[in-house]
Amino acid sequence: MRLEDKGKQIIKDIKAETDTSPIRIFKNMAHKDYIAIHGPEHHVLDGASLLVACKNAGMEINLDESLNKLLSEGLRMPGAMCGLWGVCGAITSIGASLAIIDSTGPLSDDGSWGEHMSFTADAVKELSEINGPRCCKRDAMLAFKHAVEYVNHHYGVTLEYEEQECEFSHLNQQCIGQRCPFYKKG
């Protein structure tokens with residue numbers, strides 16, 4: 001399946017999710033057969049999981065419009081950007097979602113531009129301390145941890161967060177095991 005087709009399928013399927021936990025939404029979607037263990041479809045999936053959780057928690061957003069904008073932005077992000085560009089696609093996908101929620105652009109001076117930069121800096125900093133190789137599932141779970149804190153602090157809605165154990169490590173040939181904060185112990 002082409003990346004654009006995967007992105008459109010994500011947008012179609014994710015609208016059925018009813019949870020207020022972006023991680024549970026992400027995991028439900030990540031088990032679908034068209035979502036690879038690693039891949040640029042996460043640049044759509046991760047931010048879309050956050051947008052749907054926000055809407056389900058009561059945030060006033062136009063979900064169809066927001067998801068379509070995120071699809072457009074996510075498809076512009078190349079695969080392997082974590083290694084080739086030095087910034088994680090999961091974090092940038094969620095950063096794009098925050099920009100969509102706040103209508104932030106490159107000329108915004110309402111504070112959202114800097115707040116989004118702070119979110120991404122905090123998430124990238126924690127991810128850098130874990131080190132590579134890449135893992136789209138680990139990186140998403142870490143990005144969601146920071147995103148839930150951000151949303152709950154800034155938007156007057158409450159997203160659910162719970163400590164995670166990875167359900168995908170057996171599928172990842174480069175899993176870092178005990179170095180991963182989400183590695184299933186035991």
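**Reading cavities and pockets**

Q: How many residues of the lining of the second largest pocket are nonpolar, how many polar and how many charged?
A: A pocket is an open set of points on a 1 Å grid over the protein atoms alone, with protein on both sides within 12 Å along at least five of seven lines; lining residues have an atom within 4 Å of a point. Ala, Val, Leu, Ile, Met, Phe, Trp, Tyr, Cys and Pro count as nonpolar, Asp, Glu, Lys and Arg as charged, and the others, Gly among them, as polar. Here the lining of the second largest pocket has six nonpolar, five polar and three charged residues.

Q: What is the basis of these values?
A: The model is predicted, with local features needing pLDDT of at least 70 and side-chain atom pairs pLDDT 80 or more, while totals for chains, interfaces and linings use all residues. Residues are numbered from 1 along each chain as its sequence is written, and side-chain values use heavy atoms, without hydrogens and water.

Q: What pLDDT does the chain average?
A: Where pLDDT (the predictor's confidence in each residue, from 0 to 100) is low, the predicted coordinates should not be read in detail. The chain averages 94, and 99% of its residues score at least 70. Among its elements (DSSP runs numbered from the N terminus: helices, H or I, at least four residues; strands, E, at least two), helix H3 (residues 42-56) has the highest mean pLDDT, 98. The lowest mean, 89, belongs to helix H5 (residues 81-84).

Q: Which residues lie nearest the centre of the second largest pocket?
A: They are Cys 82, Cys 88, Leu 127, Ser 128 and Asp 139, out of 14 lining residues. H5, H7 and helix H8 (136-154) each give at least two lining residues, and H7 has the largest share, three.

Q: What is the volume of the largest pocket?
A: About 580 Å³. Its lining has 19 residues, with Glu 73, Thr 92, Gly 95, Ala 96 and Ala 99 closest to the centre. Helices H4 (63-76), H6 (89-102) and H7 (112-130) each contribute two or more; H6 supplies the largest share, five. By class, nine are nonpolar, seven polar and three charged.

Q: How many cavities of 30 Å³ or more does the structure hold?
A: A cavity is a set of grid points where a 1.4 Å probe fits but cannot get out. The structure holds one of 30 Å³ or more, and the largest cavity has about 90 Å³ of space. Its lining includes Cys 135, Cys 166, Cys 175 and Cys 180, along with Arg 138 and Phe 168. Eight lining residues are nonpolar, three polar and one charged.

Note on methods
Grid points are joined across faces, edges and corners, and a volume is the space filled by probe spheres set on the points.
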